[in-house]
Amino acid sequence: MTKGTDTREKIIERAATLFNTKGYTAASINDVMEATGLKKGGIYNHFENKDDLACQAFDFAVKLAGQKMLTRVESCQNAKDRLFAVIEHFETLSENPPLPGGCPLMNTAIESDDGYPLMQKRVQKAFDRFQQFVEKLAAEAIEQKEIETKLSPEEISIFMISTLEGALMLSKVHNSNAPLIVAGKQLRKMLIKGG
């Protein structure tokens with residue numbers, strides 16, 4: 001790895017934490033300079049502008065969060081357990097986030113809903129990938145008759161993600177893991193009993 005590549009990765013990693021805790025619009029380039037220990041020219045030597053850095057930092061944060069979940073999913077032996085591993089991953093997020101500030105998908109989705117169209121498109125693509133991933137897990141669990149449900153894999157995916165992300169938001173607001181535990185329990189019950 002070259003020194004330039006190493007510096008670029010360090011900037012992305014530290015900016016990801018900064019943006020995930022402070023927000024993309026609230027964090028200034030001075031905040032990025034302070035977090036990285038670099039001057040403005042040193043940062044812009046690697047990125048076109050703050051938006052370019054924000055996009056790269058978001059991609060890094062989502063990849064990091066996805067890797068943590070994927071590790072948990074891949075450790076499971078059957079399709080139902082892989083699907084339930086997604087639920088387990090969320091149940092631990094408020095206590096063990098992938099990076100400071102919590103879930104980068106949720107944080108960025110809330111921040112970019114109306115005022116940051118560049119990031120909104122990135123968030124949408126990330127959620128689409130997440131939805132396809134969960135949909136594939138659900139399809140495998142249905143095909144192998146490990147869960148009973150009247151829902152399609154797509155409906156399961158949308159319902160699971162909506163429920164878990166909403167519970168994660170409530171957990172963050174109330175500084176309590178309880179909403180995630182309730183959501184996880186009800187999702188498992190629904191899938192086992194054929195909701």
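Me: Is Arg122 buried, partly exposed or exposed, and what is its relative accessibility?
Reply: In this predicted model, Arg122 belongs to helix α7, which spans residues 117–143. Buried would require a relative accessible area under 20% and exposed one over 50%. Arg122 therefore counts as partly exposed, its relative accessibility being 24%.

Me: Which residue forms a salt bridge with Arg122, and how many residues apart in sequence are the parts that the pair ties together?
Reply: The partner of Arg122 is Asp59, with the closest N and O atoms 2.8 Å apart, and Asp59 is itself partly exposed at a relative accessible area of 30%. Because Asp59 lies in helix α4 (residues 50–74) while Arg122 lies in helix α7, the pair ties together parts whose separation in sequence is 63 residues.

Me: Which helices hold the two residues of the salt bridge between Glu140 and Arg82?
Reply: The side chains of Glu140 and Arg82 meet at 3.8 Å, N to O. Glu140 counts as partly exposed at 24% relative accessibility, whereas Arg82 counts as buried at 18%. The pair ties together parts that are 58 residues apart in sequence, since Glu140 lies in helix α7 and Arg82 in helix α5.

Me: Which residue forms a salt bridge with Glu91?
Reply: Glu91 lies in helix α5 and its partner in helix α9 (residues 178–193), so the pair ties together parts that are 97 residues apart in sequence. Both residues of the pair are buried. The closest N and O atoms are 2.8 Å apart, and the partner is Arg188.

Me: Why is Cys55 too far from the closest cysteine sulfur for a bond?
Reply: A disulfide is a covalent bond between the sulfur atoms of two cysteines. The cut-off applied here is 2.5 Å between those atoms, and the count comes to zero disulfides. Cys55, which is buried with a relative accessible area of 5%, is too far for a bond because the closest cysteine sulfur, in Cys103, is at a distance of 17 Å.

Me: Why do the buried residues of helix α2 line one face of the helix, and within what arc do they fall?
Reply: The buried residues of α2, which covers residues 29–36, are Ile29, Asp31, Val32 and Thr36. They line one face because, seen down the helix axis, they fall within an arc of 155 degrees.

Notes: Residues numbered from 1 in each chain as written. Predicted model: local features only at pLDDT ≥ 70, side-chain atom pairs only at ≥ 80, totals over all residues. Heavy atoms only, no water. Buried < 20%, exposed > 50% of the residue type's maximum accessible area, 1.4 Å probe, protein only. Helix = DSSP H or I, 4+ residues; strand = E, 2+ residues; numbered from the N terminus. Arc of directions from axis to C-beta. Salt bridge = Lys/Arg side-chain N within 4 Å of Asp/Glu carboxyl O.
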